Each structure stands twice: as C-alpha cells, then as structure tokens.
Amino acid sequence: MAANTEQLDDTLLGAQRGLLMRAVFGQALTLYLKDKGEGTCETVLGILREMSKNIVGNHPGSGLVAAFSPELWGKWQNRSIPISTENIDRFKKFTLDQGDVLIFVKAPNHKTAESIVSAVYDRLDALSDRIELVKMGKRKDTRIMGGRYVDAITNPNDPVSLAEDILVGHPERGGLRGSCFGFTQKFEFDWPGIATQAADTQDEMIGRNPDGAALPQHAVHSHVHRAAIRNANGDQLKLLRQALPYGSDHKHAGREEGIMFVAFCNDQQRFEDILANLIGQHPERPVDKLMTVVHGVSGGYWYVPAAAELKVPAVVGPQDVYEDPHWQVASPNGYLFYNSRDYLHQMAEGRYVGGDPPSRRLLSLMARAFSHWRDSWMKRQVFPRLPHLETLVPADDKGKLITTPVPVRKGMANQQTLAHLLSDPKSDIARDNGLLRIEAKELIVGVIPDFTLGRGKEVVPYLSEDETMAAWLKASLNEWSSMGHIVPDYDLLVKSGLGGLIKDLQDRLEKLPQKDDATGIFYNSCIISLEGVQGYLRNWAQIAEQTASDAAKASAAEDEANMEEVAARLHRLVDHPPESFHDAVQLIYSFHCCLHLVGELTPFGRLDQILYPFLAKGGGTPLDQAQDIIDCLWVKIGENAFVNRAFIQDYVTYGTTAVCGLGGNFPQGGGINQWVQQITVGGYKATDGDKPEGGANDVTMLCLKAARRIPVNAPTLSLRVYKDMPDKYLDEAATGILSGGAQPIMYNDDKLCRALKDSAPSGVVDASWSRNYAADGCYEPMLAGASEFTFNNVAPLLALEQTINEGATYGGAGPEQLRGLKQTFRSKPAKEFESFEDLKETFLKQLEWLVVQCYNTMLGAYGNLADICPSPLLSVLIEGCVQKGRDLTNGGSKFHIMAPLCVGISNTIDSLYAIQKLVFDEDTARVTLPELVKCLMCDWGHGMIEPFENQLSGTADASERGLRYTELRNAALALPKWGSGNEEVNELGNWLVEKCVDLCVDAIRNPNATIGGLLDGIKKAHGQDFEFVVCPGIGTFEGYVGDGIPCGASADGRRSGMPIASDLSPVPAAQDLPASPVFRNIYQAMKSTKYDSIEYGLSNASPVDMNIPEAFPLDELQRFVKKYAAGDVGSNLITLTCADLDTYEKSVKDPEKYNLVRVRMGGWTEFYATMFPAHQEQHQRRQYFTPWESGKTGAKGAVVPVVWRDEDACEDAAPKPRVMLNELEVRS
C-alpha cells in the first residue's frame, strides 16, 4: 500500500517506525552502562542508528524500539522527565531494577532477530557492566500460558487510538510529539500454582475464554477487569502491550518459562495507576488473580524518544500500522463493519470502500465512544435513584409543597433535574454517571442519559405518600409514567429560541384574568421547566470553559479555540435563537438531552426540513463543515450504547412509561438500547397544493452519509421516499442499507400521506399536515410537533384461539385452567364449524370483541396522567398546548392519534390458511378441527398433558399421539406461507388486514354504547370538535418474543409460547428447530403486501422487516429502492437488515469481535450481541430476500439455497402456488 500520510495524525508520524509494528519474535536487551557521559550517549545513538539502517535495508518486517531511563535521557538532553514509582515500590510481585537503555528488536522469526542483535552485541557489551538479554517469540497459534489464551487482542493499535492514547502529542506530557513512555517487567510463571486451577478458574483469572471472548460476569477480579481503569471523564486509560513469551518450563513442552511484558503509553503515571488497581489496598493480597501466579524478576520505566530525537526512521504511513489478525473480519461488501477496531483501522488508514471516511475529529470521538462501550464489559454502572423534590427545595418552602399544584411541582422537578442534579459541574450524581463527559474536539456537547424503554429511567419524585398511593390505585401510575414517544416541534424551538418561548408564555400568563387557574398553572409549569433548560445550557457553557482552560494548559490551541467557541454558543443560546447551522444543531440537541433527562424519551423529527434554512445563515456553512457537525451529532446521540446484557440494570417501576394512560409491565428485554431517537428526513414538503413538492435537500444527504459511515444504534434514520425522488438520495440510501442496521428505513409518502389524511373525518388532517409526518420513537408516523399518541395491542392470533376454543385461549390449558383462560363470549365448539367461511365469521366476531376491548382501555384511561405526571416541558413544543393552555396529557395537542395495533398478524394469516387446508379443503384435509385443537393444546406433541392425555393411558399412547401431532406439524410447516407471493395466501392476508382495518375504524366512527359513552365524556371535557385520528397499524416492535409468550401453539406450526413474526413480516422459521432461514425473491415476496388494505388502510404504517444477504449487489439494491420509491413494490414502510446467518452465529460466540453487527428490531436498530438469546435466535430464523431466483446462480457464482421451489420466481413472473419442502427433510 502506498504511503498516505494525510490519513495519519502528525503525532503518529513522529514515532519510531518500529514502535507500532506487531511483536511476534524478538529480543529485549537491557543495558546497564559503565559510563553515562556524553561520549557514551553519542556511541549508543550511533549504534541505534546503524541498527535502524540495517533493519530498513535488509530486514523487512522487522523493527526497533529504543528507550532510555528517564533520568539518563533527561541528563543527556538537559531536561527533567519526572516519573512516579510509588506503587511499584510497594508491590513485591514486581521488580524495579532500572536499566539505562532498552533495545527492543522485533522480527518475523528468531533467526532474523538474532542476526540484527549479533551485529552490534559486542559493541554494546563493551559499553555495559551487564546486559540482560531476553529472547522471545510467540507460538504459531500466537497463544500464551500453555497455549490456552490469545494475547494482546485488545491493544489500541489503530491510528486514532495510537495518536491519542499511546503517543505524546503535547509537550506538557514530558516528551516530544511522537514519543511515549514504556514499562517492562520480566515475569516468571508459577506453573505448579496454575496447574492446580481448573480450566474455568483459569478463564476467570484472565477474564477471557480461550477464544478471546470477554467473560461479562463474575470476573471482577480477573486481570482484564483490574487492568481496565478510567479517568475522570470516564475514558478508559489504554496501554499498547507488546509482551512476548520466553523460555521453556523444561517439564512441559507447551509451558513457557514466563513472559516479557513490554507496554507503552503517553503518560507514565498511567502505569502506576494500573498497578494500584491490580494490587488493591493490600499488596500482600493482590486483587488481580493473575498476580498470584506470576512474579516479576526485573524491569523498569522508560522514556521512548520520538524518531526525530534519535534521528532514526519514523512512521511513514498506514503500512507501518498493524491490525491484530483477531479483529480482521469484515463483510465482503465493504460497507458493513463487524467490529470497532477494524472500523477504526479501515477508516483512519484510507481503506474505506466508500471513499469518504469521517473526519479525523469524528474518528477520535468514535474511538472514545467505542471505549465507553467496552467499559460495560468491565464494570456495571448503576444510575442512582434521584432524591424527592422536598429534599431539594429550601427549608422554608417544604411546608408549601403539598399545596403546590402537581403541574408546578413537575416543573420544579424538571428545573432541579436540569439546572442542578444532572448538569451542575459540582454535582456528584452527574459526574459519577458520565453526564458531564466532554471531549475538547466535540462540536456538539451534552450527554444523553442511558434511559431506555427496556431498562427504564430515574426521575425526581414530587408526589406525597397519599398521592402516590392514589395514583397507584387509579391506574398504576407515578412520576415515571411520562410516555414521551412523540415528535417535538423543534422548528418552533430554533425559530423562537428559549427566550422567545418563555416570553410568549409570560405574555399569555399576564393576560389571564385568573393567573392561578388551570391555564395559569400550566403556563407556570412550562416557564419553570424552560428555566431549567436555560440552567442546563449555562452549566454546559461552564463545563466547556473549563475544558478550554485545560486545553490551554496542554498547549492544544485548536481544542482550546473550539471549546471557547462552544461556550460562547451555549451562553448565546440561553436567551437567543440560533444564528447559524451549528447553533441550531446544538440547541436542538441540548433540548433533546433535557427531555430525556426528565424522562421524556423523544425523537428529533424532520431534521433536514428544520435545519436546511440554517445552512445559509450566519455567513453560510460549507457542506463539508456541516457534514462534520451532523456526524458529531450522530456520535453524541449514539455514544451511550449498552453492549453487555449481563450487567443490565432494571430501573422500571410499576408506572414507568404508561403508553395508554395505564401503568403495568410490558416486555423489556428487547428494548435494552431503545433510546427513542429517530431522525426523519426526505419526504414531501408540508404544502397544501394538489401536487406535492419533494423536500429532499442537502441536509437529507448529510444525514444519509452519517448513517452509512457511523455504526451506532441510535439515531435510527427514517427516509421518506416518493415518486420521482432524485436518484442520488435513493442510491445513497441503498448504500447505507448495506452498512447494516437497516439504516435507513423507508416510508413511501405517496401511500402514507394519503393514509394519514384519510384517518380522520374530513377537514381534520389537511394535505399539508398529512405531508408533515415524522417517525416517533419507533416507526409510528406522527403529525410532527402537533400530536399526542396512544396505542394498544389487538392480538388476532388470540382471537383465533378463542374462535376454535369456545372463547378461551389455550396457551395456559392444562390441569389448572382446563381448556385455557376464558376471555370472551363462548363461540361454538370446534366440532360444529361446518366450513371455513363459518369459522371466519366467528373469528371476526371474536376479533371485534378484542378491538372494542382495546378502545375501552385507551378511552377509559384518556387523560389519566394530567394530575399525576404531566409533561410541561414537552408540551411547550407540541402545537395546540400553549394555544389552548392545556398540558399534552390533558388533551392540549392539535391532533390526537389513537392506534390499535394488530400484533402477530402474519402468524394469524398462515394459521388461518393451515386450518383451511388441513381441516376444510377436500383435496388437502388431514385432520378434524377438534383433533387439531387438542393437538395445539398439546403443543404439537411436545406437551402431552392432562386432561387431554390421561397418564393412565401410558407412555406408549402418549408417544403414539405425539408422533401423530408431529406429523401434523410437519404438514403445517410445509404449507405455503404469507410473504412468498402465493396468490391464495395473499388473498387471505388481504381479507384479514382489510377486516382488521374496518373493525378498528368502525369501533370509533360507529361506536357501541360503551365506546360512545367514553367518547361523549371526552368531548364534554375537551370540546365537541375533539376528534381522534384513528391509525390502525401492525406493530410488535421489540415484543415479538414477549408477545408470543401468552399465545399457544398456532396452526402455522409455531410452538406454544414461541416468538411471533415481527410487525408485518413473513413468519420466521420455527424457533425450536435449527436456524435454516428461507431465501425468497424480494419482488415476488413483496406482492403479498401490494394491497390497498395494507398500503392505505394501515395508516400507522405497515412495516415489513426483511433480512438481505451481505452479498446483495449494490446496483440491484439501488434498483429495488427506486422501485419502492416509485410505488411499484408493496407496503408503505420497509426495513432491510443486511447481515448473514453466519455473521449472526459468530456474533453469539464472540460478541466483542462482532460488536458492530446491528439488526432492525420492531422499531429501531439494536446491536446483535446485546440481545438476549431468544431475540438472537428469532433473527437467525428470519427469511432472507434476494434479487435472484432460488436455486439459481447468485452473487459471485454462489448458488442461492433451495428452500422454496421458486423456479419461476422473478420480478415479472405471474405468481404460482409455492410448495415448501418438508422442513425436516430439508434439514436432513
């Protein structure tokens, strides 16, 4: 590779060339000089230059590192290089017998190393009282400790980390640019002690298994855990370890005598701090378990001069930087990165296939983010419970607190949270939980708390004990119940600024005849909350000023100037609206942080439409500079990812995030990293004309590029596509999809805008509003900045159970519940259904009951939060609230979206089809409906339980019936499935979706007496013009595992309690069978969604989540994306996750090695390694979609697996019945 010094930091280019080279074999010479005068100095330096010249000219693949006693080098250079030895002096396991010169020769083999050293050894020996020579080398498998462990795989050897963590970049560190400090210790192994340990005990001692995967739990005293320390900013302090084993135990061929530990970094005190962490409080009983089986016999601290100081060859370019082979795994498509180390190498060394890597600044910030993610493998971080408001107000005000209206108390809690507890530079809570973390290179500052839907959040309580009990009894609500999950009007924020928003509220308050009425209380709560945001900005300005001062002390002029500019910007934004693109991004992000800090987890909305006008403001922002700003925003949003599920902390209470005015438990495990941080771009402009205007602009492209090049799980990017959208945006979207994580997901505006407009009575949602939607925290389209939102689930799969089981679900059938849980009216016994049409009719009645129940829950709980957990801060940015003087939770918004979400509909379609074919079709029937019901109650033969199988009949009878049920299951699995393009199944699917939509709409527009009474009550409270925007949808989100638990075995072949399909996606392969996903032609499969009922009826969106192989050709994907934008492909929302099954399987075994593999959950992007096994297994079984015909040649000559007989499946082929091969036959 040709040198590309522009890709490398100047600090890196100042280092000795041999320093960064990988150590495989070598010799370490420690010289104890006879004379330490200037003459000896020149002689030693001359020999080192000669060695360097010899290596460069004659020994490719070899290198030299020269280091000196800090005291001696300081004497020779006439400067002071102070070091600390406090901890090494008190720890007897280490030995400090400081030499004068360290010569570390690296070579590809022992012979070469010997040749390099022997050429100068005699002259060195003549200068020395003694030389300690250690000959070292790794085994062929590079393992140590008897061949059990892979060594040094966590080294920070990418160009970014080397420049920032290993090499001195500023003079205040005690060296010149490119220099560093070293530490050596020659360790001997205590093999008798090691041999007494079991294999698992050894793994726990190291903290890794033999494959190199970190052990996440129960290894807090392991070496990798104790060697990981962090500074005050939360950054892990790194070492470049180049240790090599030496010698032989002589009793065992695989046992090395010991290891020569050699490490480098840019701060000598770091070595001491790590030693302190290894030792603990009692040096005689080190907490690091590895220290009990090693002993240091010699070593020292070293100063490693820059190349210019020695006048030896320096680093030239990327060819002098090595990447550890352990991490050299990446997708062949070039866009999808498997791990963070490989990402930094490729991006920093100019090897990115996209040709447009992020800036050096951005890569530096990404390296820090990756470091924080890795910290979660070493340490559990627990966010504390926040104190009650009564402990935060002045003593004189405590007595008045109980008589203060709840909305005002909520505003006071917001103010205390934002201006004091979680942003004050003096706050221990903020500091200890990383909420004050700042990097001098950041263009956007602030920290989002690690509050998620899955793990929960912490807020300042403000209710009294009696109020808390009353709220619990009312609806299981509390101060944690705020939902967020809607789109704030950040356009209003950047146009008015905080000062403008406060003035508007103050003016409205002043005009009220009664300032202490409900409206005045609301305005006061909003003003107090906004003052908290102002305090937050002032605090962060102070933090930036301190960082600027620190940068000045470090002689980092560029960082100092950046932080001074950041501080000035924050001071300005306290009262004034943004003046530039940069200002606008910072203000939006700061307010976003504040909403999350007070428990309102919200997205960003239509960021490109909001920011585009600012590109020209303030003298204009060049696109490359704007890209850097957007990239930095992306990193800030995604920097707090949680990657180690073993250390998960559950903050959820009984009332956390009451999605429909009611508290209670919901599936959490799939939402570990659900930050509710969507960004929506593209789409039509919010115009009212008959012909829509495309809104894609330069900021759209900036966001698309950020999503492609920055592998975080948040934000999730949602792209609104439309007919005649310029190709450049669609081509970039396709390229981004290949980078993994379904970035971006794609809405079709020509379908969804019409669907939203038709979701309310005429005139309620006009054309301009229907064109101004944005994704909420998952994917549901919100009328941006003007909507409240409530949803509840409807489970057609349970309605089908109740249909064939006399109104009961049979997931809990057995000796306790007999035929199951009785839920609705008793439908006719299974034996009385005379036809499939008869069954469908009863099924619709059962489904209607569930729809009405869904609405009864939502309407009955409407407004519950208003006097318990109002949302004053979020209400300020929701149109209608300030104008009406009503909180968001009290009907204040302009639009009121209500979404009944049908979950498990794909399984229901396939189950209905299976019942039709196995029971009622004369040509294919194999079982009676009563027998099928009993089969399902017995979980396809896997749960032969009483009273359906009496144990007195014996095991032989149970086995025989179980075999019969297994045969029936095979028949069910072999039937065509929805999403394959089968016309008959498609028509059944269309019928079901159409009926679901009709039932969901009619229940509100033509309500029964109960629902009508609830609606009348809401209109009486909020005005006769109050209308709900009814948006039926299909949404499991992350709940495809949890939502499957209450469902019994289904007729499509699914086992009892197993996961269901995500959203409106085809059903995955059976969870209890080996992962063997189906491959389908993408055009043929998408014909299953090309129906008006789906594209226009499902106005809450019809998300089809698809897996595509990593080998999906870019040009073919671009072609597909364009066809979807043109409306030629079905559905109004699609997501495409790019990752192979093999990648998933390897990610399970080595999470760190595949820590950037991301997948689409129901509503956002998640790191695959973070998910719990049930979720991982469901993703492994999701079907794959390709542009090829199965069984034919695909990419690079590979044959697409034959699982479906799709000989005729291609884009233009007429659909034909598909016959799936018997699943067990395929796998055998």
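Eight elements each supply at least two residues to the lining of the largest cavity: the strands β6 (149-150), β7 (180-189), β9 (236-237) and β12 (258-265), together with the helices α10 (223-226), α11 (268-279), α13 (340-348) and α14 (360-375). Helices (H or I, at least four residues) and strands (E, at least two) are DSSP runs, numbered from the N terminus.

The model is predicted, so that local features need pLDDT of at least 70 and side-chain atom pairs count only at pLDDT 80 or more, whereas totals for chains, interfaces and linings use all residues. Residues are numbered from 1 along each chain as its sequence is written, and side-chain values use heavy atoms, with hydrogens and water left out.

## Exercise 1: the largest cavity

Determine how many cavities of 30 Å³ or more a search of the whole structure finds, and describe the space and the lining of the largest cavity.

Step 1. The search of the whole structure finds 17 cavities of 30 Å³ or more, a cavity being a set of points on a 1 Å grid over the protein atoms alone where a 1.4 Å probe fits but cannot get out. The volume is the space filled by probe spheres set on the points, and for the largest cavity it comes to about 960 Å³.

Step 2. The lining of the largest cavity consists of 47 residues, and those nearest its centre are Thr154, His223, Val224, Ala227 and Arg241; a lining residue has an atom within 4 Å of a point.

Step 3. Helix α11 provides the largest share of this lining, with four residues.

Step 4. Sorted by class, the lining of the largest cavity holds 31 nonpolar, eight polar and eight charged residues, where Ala, Val, Leu, Ile, Met, Phe, Trp, Tyr, Cys and Pro count as nonpolar, Asp, Glu, Lys and Arg as charged, and the others as polar.

## Exercise 2: the second largest cavity

Which strand gives the most to the lining of the second largest cavity, and which residues lie nearest the centre of this cavity?

Step 1. The second largest cavity holds about 310 Å³ of space.

Step 2. It is lined by 23 residues, and Met483, Glu788, Phe789, Leu865 and Thr889 are the ones that lie nearest its centre.

Step 3. Strand β20, which covers residues 787-794, gives the most to this lining, with three residues.

Step 4. The lining of the second largest cavity divides into 13 nonpolar, eight polar and two charged residues.

## Exercise 3: aromatic rings

Describe the aromatic pair of Tyr343 and Phe370, and list the residues of an aromatic cluster.

Step 1. A search of the whole structure finds 41 aromatic pairs, which require that the ring centres of Phe, Tyr or Trp (its six-membered ring) lie within 6.5 Å, with planes under 30 degrees apart called stacked, over 60 edge-to-face and the rest tilted.

Step 2. Among these pairs, Tyr343 and Phe370 are edge-to-face, at 5.7 Å centre to centre and with 90 degrees between the planes. Tyr343 lies in helix α13 and Phe370 in helix α14, so the pair ties together parts that are 27 residues apart in sequence.

Step 3. Both partners are buried, Tyr343 with a relative accessible area of 0% and Phe370 with one of 1%.

Step 4. One aromatic cluster is formed by Phe91, Phe94, Phe183, Phe187, Phe261, Phe271 and Tyr301.

Notes:
On a 1 Å grid over the protein atoms alone, a cavity is a set of points where a 1.4 Å probe fits but cannot get out, and a pocket is an open set with protein on both sides within 12 Å along at least five of seven lines; lining residues have an atom within 4 Å of a point. Buried means under 20% relative accessible area, exposed over 50%, partly exposed in between (1.4 Å probe, protein chains only).
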